[in-house]
Amino acid sequence: MNNLLLMLKEVAYNLHWSWNKDAVELFNEINPDFWNWSGHNPVKLLNEINQNYLEFTIEKKNLGGRVLALYADQKEYLNRKTFFEEKYFKTGDPIIAYFSAEYGLTECLKTYSGGLGVLSGDHLKSSSDLGLPLVGIGLAYSYGFFTQMINPDGWQTENYQLNEFPNLPIELLRDENYIPVRVSVNFPNRTIWIQVWIAHVGRVKLYLLDTSLSENSVEDRRITDILYGGDNEKRICQEIVLGIGGTRLIEKLGLNIKAYHLNEGHSAFLCFERIKNYMKKNNVSYSEAKDKCFYSNIFTTHTPVPAGIDIFTRELFSKYFKDYAEKEVGISLEELFLEGDLIKEDEKNDRFNMAYLAINNSNFINGVSKLHGEVSRKMWMLSDKRSQIDYITNGVHTPSYVSNFSNNLLCKYFSANWIYDEDIWKRFDEITNEEVWALRLLNKYKLISFCRERIKEKWISLGADKDKLKEAESILNPDALTIGFARRFATYKRGTLIFRDLERLKRIVKNSSMPVQFVFSGKAHPKDEGGKNLISEIISFTRDPDLKNKIVFLDNYDINVARHLVEGCDIWLNNPRRPLEASGTSGMKIVANGGLNFSILDGWWDEGYTPDNGWKIDSFLSADISLEQRDLFEANSLYETLEKEIIPLYYLRNEKGIPLNWVKKIKSSVKNLAGYFSTNRMVREYCEKFYMKVK
Ligand SMILES: *Cc1c(COP(=O)(O)O)cnc(C)c1O
């Protein structure tokens, strides 16, 4: 292989490419069809493409210089002086371990389902940008989460696609003798072997644990097959592999970790393993070891409702932890079981709660927005506990969501290093109104052509004829106010609230002098019939002759679809039942692309909203009305604001056709929100408040 190809391969094996626009553009330029066929996976692209053709293409399209530049760029990124080095010290050894059941890094790595995973992915990316000495630990799902397809009846169908590990931007972890590194955990009457895949996320290493080894029974190989699939027994097995297996990996690699971050309760069994290790190493009692480990665990909770938390029965817990308690730790099963309870006089659960395990063992506990911090404090009432619940508001890894057009504009006005410089957002005013407006139009056109392309592909797969395919060209209007709604179809997110008064919605959408259109997307959990019903309702609205081509639904909401939506939508709509949205992050992703938020004051928007930044939907907070009445009240506020404020503002144009007041709002939104609601700020906060406070 020639040098250029080797360099390109090296670039492909570090996920830094996924937030480097030049890299993605180059992979696409090699062969756009192949790039799409690969699922935006450069390793697969480079492995599967004919090597002679690849060399020939690089030469013919004159890409050699760009390959060299890209290679140099990645090297520069990996070696540059970082925030952490400047503020704290220089180290090559990780001291923070971040545990999460899912990671959403890029579309080809299907190890995520939704917001929690994308947040974990963004946490790693920003840790890399800032130079934090952090490693990630997760699971290498052989199938991951499902691919969604809406069938002709309008019903969600689920498909599981194999993650071809050898063709993904991950490598098997090997020791210095090139032997694969393995760890094990003990299950009743057997040992489960685990191999490890490593994903390089810029400077950060992410270790993904995998049980699909021939040493394990066929059934045990499937422990790490599907994300959030199967029953509670499968769940406890996955969580043992993650928490205990992950801690064993850290020991095996000899990492000197100071702070353990539990992102959600799934990994909380790590608390047991840490205590056990401390007991062995220091020859101390369980309670003494527990007391010591307590100070270096950090628990981030993401759910405002008890139902969202993993809870195991006493039988199930006993099955997997009896031997562990008695033989490995050397305490009674009962004592271990009590870790999964918040002992209060008036209640006795007799169930093992993963969040309680985390709470009982973490010095630092936080919710993911200011409001969610308050909600969590009320939910758990920890007044008698050593630790109290604080909050750190979520953010997003901005470079992963800005469009090429936005990036170009930021580079032009500021510098190519804008990602390290939060002050640029305050200077966003320097960009002319014309350019901000042009940016909006470009971003939106790109989204609309993506929608047309996607829908056309789908129709082709369903055998549509030529006339039908021609119709795809007229889906959505490039000049209309475009509203996006995309997220998990969990019932509390109320995906159909906007359809509450169908006639009123039709009047809004059909107004030809001020047209409005909607793009929907999102998956329902395979077992959530309620969520699937919501999707099916929306699909039937998209087929209503009055709404057709003005309201569209894109199948298979994933990072790719999300990126197009957050680039192109003028308005991002979010109408959950307050306070059930712990944070929500998709609305943050639109900010740097010039989109504006229109949302219930829940999660992050409760902090982010001001009348200059965007719009709120009034929520009815009194407890003494029914959910039905509340939906009605809030839908009404939604329509009112849309009709009286949002639409008129968008269509109020100056002589050059620019809606100056709208542009003004975009500028305030970027200035006030883009810097704060970023994972760079969030990770710095974790660092200052938690990680670096651990002794
Ligand atoms: C950002 C993102 C989410 C999170 O969206 P919410 O606003 O929290 O609902 C979910 N899925 C994907 C693919 C995302 O990119």
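How closely do the axes of helix α21 (residues 502–510) and helix α26 (residues 627–651) approach, and at what angle do they cross? In this predicted model, the two axes come within 11 Å and cross at roughly 15°. Angles under 35 degrees count as roughly parallel, and α21 is therefore roughly parallel to α26. The crossing of this pair is left-handed. On the α21 side, the contact is formed by Arg 504, Leu 505 and Ile 508, which meet Asn 636, Tyr 639, Glu 640, Leu 642, Glu 643 and Ile 647 of α26. By class, the residues of this contact comprise five nonpolar, one polar and three charged.

The crossing of α1 with α6 is left-handed. Leu 4, Met 7, Leu 8, Glu 10 and Val 11 of α1 are in contact with Gly 64, Val 67, Leu 68, Leu 70, Tyr 71, Gln 74 and Lys 75 of α6. Eight nonpolar, two polar and two charged residues make up the contact of α1 with α6.

Helix α27 was examined for its length and burial. This helix contains 14 residues (residues 660–673), which at 1.5 Å a residue should span 20 Å; the end C-alpha atoms lie 20 Å apart, in agreement with that expectation. Buried positions in α27 are Trp 662, Val 663, Lys 665, Ile 666, Lys 667, Ser 668, Ser 669, Val 670 and Leu 673.

Definitions and conventions:
Residues are numbered from 1 along each chain as its sequence is written. This is a predicted model: local features need pLDDT of at least 70, side-chain atom pairs count only at pLDDT 80 or more; totals for chains, interfaces and linings use all residues. Side-chain values use heavy atoms; hydrogens and water are left out. Helices (H or I, at least four residues) and strands (E, at least two) are DSSP runs, numbered from the N terminus. The expected span of a helix is 1.5 Å times one less than its number of residues. Buried means under 20% relative accessible area, exposed over 50%, partly exposed in between (1.4 Å probe, protein chains only). Axes are lines fitted to C-alpha atoms, for helices over the stretch in contact, and angles run from 0 to 180 degrees between N-to-C directions. Angles under 35 degrees count as roughly parallel, over 145 as roughly antiparallel, 65 to 115 as roughly perpendicular and the rest as oblique. A crossing is left-handed if the near helix is turned anticlockwise from the far one by less than a right angle, and right-handed if clockwise. Contact means heavy atoms within 4.5 Å. Ala, Val, Leu, Ile, Met, Phe, Trp, Tyr, Cys and Pro count as nonpolar, Asp, Glu, Lys and Arg as charged, and the others, Gly among them, as polar.
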